[in-house]
Amino acid sequence: MSFQQLGLSAELLRAVGEQGYERPTPVQKQAIPAILEGRDMLAGAQTGTGKTAGFTLPLLQLLNETPNAKGQPRFVRALILTPTRELAAQVHESVTTYGKYLPLRASAIFGGVGMGPQVDRLRRGVDILVATPGRLLDHVQQKTLDLSRVEIFVLDEADRMLDMGFIHDVRRIIKLLPPRRQNLLFSATFSEEIRTLSAQILHQPAEVEVARRNAAAETVSQRVFPIEKDRKRELLSYLVGSGNWQQVLVFVRTKHGADRLGRQLERDGIRAAVLHGDKSQGARTRALADFKSGGVAVLVATDIAARGLDIDQLPHVVNFELPNVPEDYVHRIGRTGRAGASGEALSLVCAEEVKQLAAIERLLKREIPRVTMPGFEATFSLKVQAAPKGGHAPRPNLPPTHRPNAPRKRREQAGSGRASGRRA
Ligand code: AMP
């Protein structure tokens with residue numbers, strides 16, 4: 001199946017072609033025709049599945065089919081709500097990229113930056129608005145935004161939206177929309193709350209469900225390093241330094257933990273940036289840009305901060321701490337090995353995290369191979385679960401530059417000097 005067969009216009013096909021996309025992803029194949037028919041949609045799809053193009057392409061096409069009369073002021077015809085600023089910025093970028101040959105104007109509004117420029121853009125007229133809930137309501141309150149003519153409403157990452165406590169904001173926003181409109185709801189998971197919300201806002205939706213990430217994650221080589229809690233940082237620095245890793249996303253559970261680890265890595269001579277919800281917008285943008293450009297090797301992030309980040313084909317993802325919610329593990333490792341590229345996901349697991357590991361393995365329906373690094377052996381053992389029949393065969397388990405008998409002392413000597421000479 002090609003993009004042509006999905007019924008997209010020449011302008012959109014051209015923009016898609018320029019992105020180098022050869023064929024639609026599963027979510028795009030299902031979502032695009034249904035949205036073009038004007039149907040509401042409930043889609044189970046996560047970041048990395050191509051969901052953004054899945055709703056953006058048909059949305060652009062629908063708006064372009066009934067253009068605003070020439071010379072008439074523009075008004076918001078499509079509203080895309082996202083839980084985080086980063087995601088809003090990324091979705092806006094996608095809308096701009098795919099819509100570059102169409103006479104539609106898009107804008108993103110989110111918190112952490114001044115209201116002024118956003119007000120100016122809204123005044124000049126916007127067809128497609130991408131926004132986070134809080135800032136959107138600020139504009140509504142200041143009467144700088146009118147949502148009464150929205151034709152298409154997209155709720156992206158609805159589960160995150162609820163996790164982050166935006167449910168009341170979302171409900172307030174929905175009340176500002178005209179009753180007749182097309183609604184698209186995307187969510188990675190379907191809790192009772194999401195089901196209730198869907199039932200309230202969607203009308204006879206087309207249901208789209210694409211393979212969960214843990215299916216896609218088959219291409220990711222996963223390993224567990226059993227390790228004492230207080231030696232995790234040392235092992236991480238060793239892995240980054242000895243493997244000469246240039247780009248690794250490291251997940252921690254708390255903002256405080258993220259800051260601390262960032263500082264410790266810097267002390268080990270590893271350039272690190274930290275991304276979490278308490279950072280200013282400027283700091284977040286800078287951290288991400290430094291990481292993408294290769295200026296920093298390690299990005300330490302919390303789950304919420306990392307949600308929806310479009311960082312492609314990361315070679316390494318490290319779970320410095322396992323998440324409490326097993327689905328988050330799947331989200332995390334989905335950051336690597338995208339689009340068929342191989343990647344590896346390492347989890348540093350201490351004795352206190354045995355329960356989380358067991359829950360993750362139950363979800364994955366397979367055991368993650370345990371490995372140890374000489375000099376970093378744990379004093380406890382992690383029970384191995386029976387692998388299910390036909391389970392995925394693990395790949396060899398050692399980093400490329402592993403030296404089997406490297407004495408512990410050598411690594412300690414390497415200490416802070418080790419990584420500093422690694423990067424120019
Ligand atoms: P998303 O799930 O929307 O965050 O998209 C994940 C990544 O897949 C983005 O970097 C897109 O540029 C890319 N992508 C989207 N659609 C396709 C496609 N049909 N073929 C290849 N890559 C795609």
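The structure is a predicted model, and every value below was computed from it.

**Salt bridges**

A search of the whole structure finds 20 salt bridges, and three of these pairs are set out in the table.

| Pair | N to O distance | Relative accessibility |
|---|---|---|
| E18 and K100 | 2.7 Å | E18 42%, K100 48% |
| R23 and E22 | 3.9 Å | R23 55%, E22 64% |
| R74 and D127 | 2.5 Å | R74 30%, D127 1% |

The side chains of E18 and K100 meet with nitrogen and oxygen 2.7 Å apart. Because E18 belongs to helix α1 (residues 10–18) while K100 sits in the loop between α4 (85–98) and β3 (106–109), this pair ties together parts of the chain that are 82 residues apart in sequence. Both partners are partly exposed, E18 with a relative accessibility of 42% and K100 with one of 48%.

In the bridge of R23 with E22, the closest N and O atoms are 3.9 Å apart. Here R23 is exposed, with a relative accessible area of 55%, and E22 is exposed as well, at 64%.

**Two enclosed helices**

Helix α11 covers residues 232–243, and at 1.5 Å a residue its twelve residues should span 16 Å, which agrees with the 16 Å that separate its end C-alpha atoms. Ten of the twelve residues of α11 are buried, so this helix is largely enclosed by the rest of the structure. Among the buried residues of α11 are K232, L235, L236, Y238 and V240.

Helix α3 has 15 residues and reaches 22 Å from its first C-alpha to its last, which is close to the 21 Å expected at 1.5 Å a residue. Of the 15 residues of α3, 13 are buried, so α3 too is largely enclosed by the rest of the structure.

**Positive phi angles**

N244, which follows α11, has a positive phi near 50°. K143 is not a glycine, yet its phi is positive, at about 60°; K143 is placed in the loop between α6 (133–141) and β5 (152–155), where it counts as exposed at 73% relative accessibility. E157, another residue other than glycine, has a positive phi near 50° and is found in the loop between β5 and α7 (158–163). With 5% relative accessibility, E157 counts as buried.

**A positive surface patch**

Which residues form the positive surface patch? The patch is made up of K229, R253, R260, R263 and R267. One of its members, R263, is placed in helix α12 (residues 255–267) and is partly exposed, with a relative accessible area of 46%.

**Contacts across the sequence**

I35 and Q182 are 147 residues apart along the chain, and their C-alpha atoms are separated by 8.5 Å. I35 is found in helix α2 (residues 26–36) and counts as buried, at 0% relative accessibility.

E367 and V224 are 143 residues apart in sequence, and the distance in space is 9.7 Å from C-alpha to C-alpha. E367 is placed in the loop between α16 (354–364) and α17 (408–420), and at 21% relative accessibility E367 counts as partly exposed, the cut-off for buried being under 20%.

Key:
Residues numbered from 1 in each chain as written. Predicted model: local features only at pLDDT ≥ 70, side-chain atom pairs only at ≥ 80, totals over all residues. Heavy atoms only, no water. Patch = residues over 30% accessible without salt bridge, like charges linked within 9 Å, V, L, I, M, F, W, Y side chains within 5 Å. Areas by Shrake-Rupley, 256 points an atom, 1.4 Å probe, with all protein chains shown as cover. Salt bridge = Lys/Arg side-chain N within 4 Å of Asp/Glu carboxyl O. Lys, Arg positive; Asp, Glu negative; His and termini not counted. Charge placed at Lys NZ, Arg CZ, Asp CG, Glu CD. Helix = DSSP H or I, 4+ residues; strand = E, 2+ residues; numbered from the N terminus. Buried < 20%, exposed > 50% of the residue type's maximum accessible area, 1.4 Å probe, protein only. Expected span 1.5 Å × (residues − 1).
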